[in-house]
Amino acid sequence: MRSRISTRTLVVTGLVLCLLLAGVASYYASAHPDGLEHVAGTLGFSGSADEHGSADSPFADYGTKGVDDGFLSGGLAGVVGVVLTGAVMWLVLRFLARRRD
């Protein structure tokens, strides 16, 4: 007989795995430009792009403003992203569960 895994165990394990990936593995992500940036560079119009609206935000360009260490800067941005995404998802699910009742 197989034992059942509780929902809490599954969520906590998934959250820990996401935090580890965001905090540690993000440092080893490719430094090469993504597909759109590559095509823009190949076709010669990459210099014509304007700065995006959130360029001055604390976590722009996959880093944390004010943190000089690249590993820590990227890891912190990743962890904050996971926490904020999880919090928004939790709020959405709570809202949907409340509407169903």
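Thr64 is buried in this predicted model, and its relative accessible area is 11%. Buried here means under 20%, so at 11% Thr64 falls on that side of the cut-off. Where does Thr64 lie? You'll find Thr64 in the loop between α2 and α3. Have a look at what surrounds it, setting aside the neighbours within four places in sequence: Thr64 is in contact with Pro58, Phe59, Ser73, Leu76 and Ala77.

Let's pick one of those partners, Ser73. Ser73 belongs to helix α3, which runs over residues 70-100. Is Ser73 buried or exposed? Ser73 is buried, because its relative accessible area is 8% and the cut-off for buried is under 20%. Now zoom in on the side chain of Ser73: it comes to 2.6 Å from the backbone nitrogen of Thr64. So which residues does Ser73 touch, not counting those up to four places away in sequence? They are Gly63, Thr64 and Val67.

Asp61 is not a glycine, although its phi is positive, at about 60°. Tyr62, also not a glycine, has a positive phi of about 60° too. What about their surroundings? Asp61 is exposed, with a relative accessible area of 64%, and Tyr62 is exposed, at 78%. Exposed means over 50%, so Tyr62 at 78% qualifies. If you keep Thr64 in view, remember that it is buried, at 11%.

Next, follow helix α3 along. According to the UniProt annotation, from an unreviewed entry, residues 71-93 are a "transmembrane region". In the model, that span is 100% helix and 0% strand. How far apart are the end C-alpha atoms of residues 71-93? They are 33 Å apart.

Met89 is also in helix α3. Met89 is partly exposed, with a relative accessible area of 45%. Between Met89 and Leu17 there are 72 residues along the chain, counted as their separation, and their C-alpha atoms are 17 Å from each other.

That brings us to helix α1. Thr13 lies in this helix. One polar atom of the Thr13 side chain is 2.7 Å from the backbone oxygen of Thr9.

Finally, please turn to the surface. Which residues form the nonpolar patch? Val12, Val16, Leu20, Val24, Tyr27, Tyr28 and Phe71 do, and together they have about 700 Å² of accessible area. Helix α1, residues 7-23, gives the largest share of this patch, with three residues. One member, Val24, is found in the loop between α1 and α2, where α2 covers residues 35-43.

To recap, we began with Thr64 in the loop between α2 and α3, met the Ser73 side chain reaching its backbone nitrogen at 2.6 Å, and ended at a nonpolar patch on the surface.

Terms used. Residues numbered from 1 in each chain as written. Predicted model: local features only at pLDDT ≥ 70, side-chain atom pairs only at ≥ 80, totals over all residues. Heavy atoms only, no water. Helix = DSSP H or I, 4+ residues; strand = E, 2+ residues; numbered from the N terminus. Buried < 20%, exposed > 50% of the residue type's maximum accessible area, 1.4 Å probe, protein only. Polar contact = N/O pair within 3.5 Å; in protein donor to acceptor, adjacent residues only side chain to side chain. Contact = heavy atoms within 4.5 Å. UniProt positions renumbered as here; feature names shortened; annotations may be inferred. Patch = residues over 30% accessible without salt bridge, like charges linked within 9 Å, V, L, I, M, F, W, Y side chains within 5 Å. Areas by Shrake-Rupley, 256 points an atom, 1.4 Å probe, with all protein chains shown as cover. Salt bridge = Lys/Arg side-chain N within 4 Å of Asp/Glu carboxyl O.
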